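Here is a short briefing on one protein chain. Keep the sequence and the 3D view side by side as you read.

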Amino acid sequence: MRRHWRLLTSGSIIIAQRARAIAIQSIVAGMGLSVLAMLAATIGWLMPVPAAIVQEVIDVAVILNALRALTAGRGLGGPRMAAADGHELYRNHLPLLGNLDRLRSIVDALDDASPETGAALIVEANRLVQEQVVVHERDDEGSVYPRLARILRETHSLSAMSRAHREILHLARLLARMVEDLPAEKIDRYLLRDAQRVIQAIETLVRMHTAQEEDIYETVAERTAA
């Protein structure tokens, strides 16, 4: 009995420490990114519409990070997922991460790209987003999340993760419209910068979202194996 009490107390301390660390991390990251965005807007680097998109991404990213606290100490009931299946979900993210690395390199390349080169990079980024990122997120929403919902006792974190899917798909549609509206001849730097910020927002949000999913997959795999 005493041993079980020590384990319970130790587990509660670990959960509390983890929750506190995540809360501090979310507060510092959210305030820091918001201050940077405000400074960028003040000196004219961010126009109103891109600034609103950046702030939306910051808010969602901080919320997703804070929701990591919900994965600690959660018991599993009902259907189980084999540890191998949980690790397979984790491995399925590897190709996606490669595409995110390419999106990051496109964002960096757009800093000094000519209008013609920039247009080609934006088209490539849109292709990656539509053919890889959008397909992956829709597959997660349609097949992976229902499986997880049957395993996890509470699904608040999955609801928030589904909201992230909607945000990612919204940004993907915005990028697709930008590509459709690319002028055939004159492409100004403002258009390139707006597209660059949308691509960066997609890459950042998907990377954060993927890390959150991997936390859940790892938790499910470990606890079903225990």
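L121 sits in helix α5. The model is a predicted one. L121 counts as buried because its relative accessible area is 11%, under the 20% cut-off.

**Around L121**
- Beyond its neighbours within four places in sequence, L121 is in contact with R102, I106, A109, L110 and A113.
- V107 lies 14 residues away from L121 along the chain. The C-alpha atoms of this pair are separated by 8.7 Å.

**The nonpolar core**
- The largest nonpolar core holds 42 residues. I122, V129 and I199 have the most contacts inside this core.
- Two or more residues each come from α2 (48–66), α4 (93–109), α5 (115–151), α6 and α7 (189–225).
- Helix α5 is the biggest contributor to this core, giving 11 residues.

**S162 in helix α6**
- S162 belongs to helix α6, which spans residues 156–180.
- Is S162 buried or exposed? S162 is buried, because its relative accessibility is 12% and the limit for burial is under 20%.
- Not counting residues up to four places away in sequence, S162 touches E141 and Y145.

**A nonpolar patch on the surface**
- Which residues form a nonpolar patch on the surface? They are L33, V35, L36, M38 and L39.
- Together these residues have about 480 Å² of accessible area.
- L39 is part of helix α1, which covers residues 2–42.

**The chain as a whole**
- The chain has 7 helices and 0 strands. From the N terminus on, its elements run α-α-α-α-α-α-α.
- Of the 226 residues in the chain, 40% are buried.
- The accessible surface comes to about 12500 Å². Carbon and sulfur atoms account for 61% of that surface.
- Take the contacts between residues at least 6 apart in sequence: 86% of them join residues at least 24 apart.

Notes: Residues numbered from 1 in each chain as written. Predicted model: local features only at pLDDT ≥ 70, side-chain atom pairs only at ≥ 80, totals over all residues. Heavy atoms only, no water. Patch = residues over 30% accessible without salt bridge, like charges linked within 9 Å, V, L, I, M, F, W, Y side chains within 5 Å. Areas by Shrake-Rupley, 256 points an atom, 1.4 Å probe, with all protein chains shown as cover. Salt bridge = Lys/Arg side-chain N within 4 Å of Asp/Glu carboxyl O. Helix = DSSP H or I, 4+ residues; strand = E, 2+ residues; numbered from the N terminus. Buried < 20%, exposed > 50% of the residue type's maximum accessible area, 1.4 Å probe, protein only. Contact = heavy atoms within 4.5 Å. Core = buried A, V, L, I, M, F, W, Y, C linked by side-chain atoms within 4.5 Å.
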